[in-house]
Amino acid sequence: MRLSTIKSTIAVAGGNLYRCSHPSTITNSEMLFSIFKPSLPDPLESPPALFYLSGLTCTDSNFIEKASSAFQTAQDLGIAIVVCGTSSQNRFEGDSESWDFGHNAGFYVDATEEKWKSKGYSMYSYVVSELPSLINSDFNCGVHSRGIFGHSMGGHGALQVAFKNPEIFCSVSAFAPICNPVEAAWGKKAFEGYLGSVDAGKEYDATELVKKKGAKTFDDILIDVGTKDQFLGDGQLLPQNFKLAADMSQQKVTIRMQEGYDHSYHFINTFVSDHVKFHAKRLKAEQRSKILQATEEVDTSMTGKPIKCNAMVARGPKQPLTHETITVDPPKAGEVRVKVMANALCHTDIYTLDGLDPEGLFPCVLGHEAGCIVESVGEGVLSVKPGDRVIPGYTPQCAKPSCIFCMSPKTNLCPAIRSTQGAGKMPDGTTRLRDEKGEELYHFMGCSTMAEYAVLAEISCAKIDDSAPLDKVCLFGCGVATGLGAVWNTCKVQKGETVAVFGLGAVGLSVIQGAKMAGASRIIAVDINPKKFEAAVKAGATDCVDSLNGLPEGKNVQQHIAGGLTQWGVDYSFDCTGIVSVMRAALECSHRGWGVSCIIGVAASGHEISTRPFQLVTGRSWKGTAFGGFKTRTDVPKLVNKYLEGELPIEQYITHTFEGVDKTNEAIDALHSGDCLRAVVKYF
Ligand code: NAD
Ligand code: AHE
Ligand code: ZN
């Protein structure tokens, strides 16, 4: 049963902002609050919640109207923001004789003075217990992790509430907080008024609390203060007292004195995005570790024994996959058996299933973009152990000093097991997969993750941060990493350079994301499906070209790009379609004299590229990339960490999610629908 009433809903930054009210049992009044809920690929997922406490005289509307730049960052990082009121809403004679005490100035304490207690002035308990559980039940936000921040009186509120409830609020920050209220006029007035004495206020004073704690509670606390803040000058804020006490207690505090800023919401709006990022990093880590604890550990009781499990088998080209029970044998020497937690569909799986892959072998188990947990290891395996989180890599990395490929910074193409992998076998030339009749099944790309269990070569396992959400970071197993790497590793696109990207699936969009992060000045996005342009612009495209119906009369796409949109073409172009005519167009729109065109798309068997040699004579060159040039075991963990740090968002690629390996055919249909970037199938 909902506890709150939604009074209005506004679409903001891709998410929704709800203004609500609810009959509060703690303040015994009709309380107002607002909540920004980001839209997430998985609508059932509970985003971390960041609670904002406003200052004196404010209501929730101040923040939502004057600090709205917070919402885009919150949407990008998948964080909900809750803005609550500043006092009980019971009105009575004398409740607002002065602006800094009483109505909308509840000071986040539980009043003990009867006059205020009887009117529900218990904002401390409201913020600590009532509102978080309401947000959890009515909006499914903050189920796993919450943070708190605030301004001025709300800054004081956030600090003291967090210090006393780190198990409820695992991160804290503040704007111009009243740090030592027992020493400040505002604090003294509030504590005398609500609690009967200043001394009683010590239990609500952040400086007193950190002193009393005498130890670290948080890894860091972020505080911004404007140097032109009048309340800094008149001794209301006292950040130096808090800093001193915190230093004594080894509690790290980052106080940033912002030159020229005052106490206003212009100050808050300028720095609020930093605070959301500060919290997002910590809230997501907390969320992951909570979910991890919740998710069942991998069962290792089957070590050394064959495991029967669900799988989707490709029985032949152009046939739907069949849901079967297969046997996955134990790992041999140098091998690892993993539990596949989530698998994403890549166009290459479809390409092979469509019979276009010259190396395609049937019956096989496809799949190569997954997140897994190690179930057991074969003899001699030291780099991973049961329980480790790994991402399988179809471009393995033996890292042996004798391997000229692994030792070279120029490539990631370790050939150690390429021949057996291409033949659908494990490195010893045999298979670990059998169907119900005991018939052998081929492996695929050294992965075969369209089954609940898989056996990989140890050199194909990228060990990642244990707290990483496997149903997200599985994307680093192929498409997204490939696009980013094509820009950063294969072409090394520099700041100010120009690029053109052909094909705006997950690979093409990640090329755009990579180019944007590299500082490309012009990013031309090309597709025959204009529905893809919105995502391309969001990723950073500056121009979109519909190469089917959007070209100027008498011009082909390469002439439109080189000669129309640009004078001499782009510094780099990328094919992310696998279509040889597009590969030609990509080359021919690259810059006279120095243009480089990078082939990422995988062409159908027998399809070959061609162009006039004149194109190369006049300075253009062609190159290609496999997995974006990333070395699987050393680079994939770094990509995952960048994601965990919030520096590399990827949720935007997950347009479809399914539960259960048997839903893989539906995921394939989704990929065919044209409005799917990545469909993630969660197995457990
Ligand atoms: P996808 O199917 O999601 O995207 C392909 C995009 O190309 C679609 O948006 C489609 O509309 C567009 N397209 C089709 N014909 C076009 C044309 N004539 N001109 C312009 N755009 C056109 O595929 P994806 O998962 O993003 O993969 C893209 C390609 O990259 C595939 O060929 C895949 O096999 C390959 N791939 C290669 C590597 C590698 O390591 N080299 C890694 C992953 C994927
Ligand atoms: N089997 C095909 C080659 C397919 C291909 O080029 N695969 C890419 C990865 S696509 C990932 O979605 C690759 O990395 N190739 C390098 C390699 O060693 O396969 C064929 O043409 O035979
Ligand atoms: Zn792939």
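Here are legends for a few close-up views of this predicted model.

**View 1. Ligand 2 and the residues around it.** Ligand 2 has 13 residues around it, and Thr348, Asp357, Glu359, His368 and Arg418 are the closest. Sorted by class, that shell holds eight nonpolar, two polar and three charged residues.

**View 2. Polar contacts to ligand 2.** Look at the side chain of Thr348: one of its N or O atoms sits 2.5 Å from an oxygen atom of ligand 2. Asp357 puts a polar side-chain atom 2.7 Å from a nitrogen atom of the ligand, while Arg418 has one 2.7 Å from a ligand oxygen atom. On its own, ligand 2 has 530 Å² of accessible area, and the protein covers 70% of that.

**View 3. A stretch named in UniProt.** An unreviewed UniProt entry lists residues 333–465 as "domain: Alcohol dehydrogenase-like N-terminal". In the model this span is 12% helix and 24% strand, and its end C-alpha atoms are 25 Å apart.

View 4. Glu440 and Lys425 pair up through their side chains, with N to O at 3.6 Å. Glu440 belongs to the loop between strands S15 and S16, and Lys425 to the loop between helix H13 and S15; they are 15 residues apart. Glu440 counts as partly exposed because its relative accessibility is 48%.

**View 5. A salt bridge between two strands.** Here Asp543 meets Arg522, their closest N and O atoms 2.9 Å apart. Asp543 is in strand S20 and Arg522 in strand S19, 21 residues apart. At 16% relative accessible area Asp543 is buried, whereas Arg522, at 24%, is partly exposed.

Methods:
Residues numbered from 1 in each chain as written. Chains lettered and ligands numbered in written order. Predicted model: local features only at pLDDT ≥ 70, side-chain atom pairs only at ≥ 80, totals over all residues. Heavy atoms only, no water. Near = heavy atom within 4 Å. Polar contact = N/O pair within 3.5 Å; in protein donor to acceptor, adjacent residues only side chain to side chain. Areas by Shrake-Rupley, 256 points an atom, 1.4 Å probe, with all protein chains shown as cover. Nonpolar A, V, L, I, M, F, W, Y, C, P; charged D, E, K, R; others polar. UniProt positions renumbered as here; feature names shortened; annotations may be inferred. Helix = DSSP H or I, 4+ residues; strand = E, 2+ residues; numbered from the N terminus. Salt bridge = Lys/Arg side-chain N within 4 Å of Asp/Glu carboxyl O. Buried < 20%, exposed > 50% of the residue type's maximum accessible area, 1.4 Å probe, protein only.
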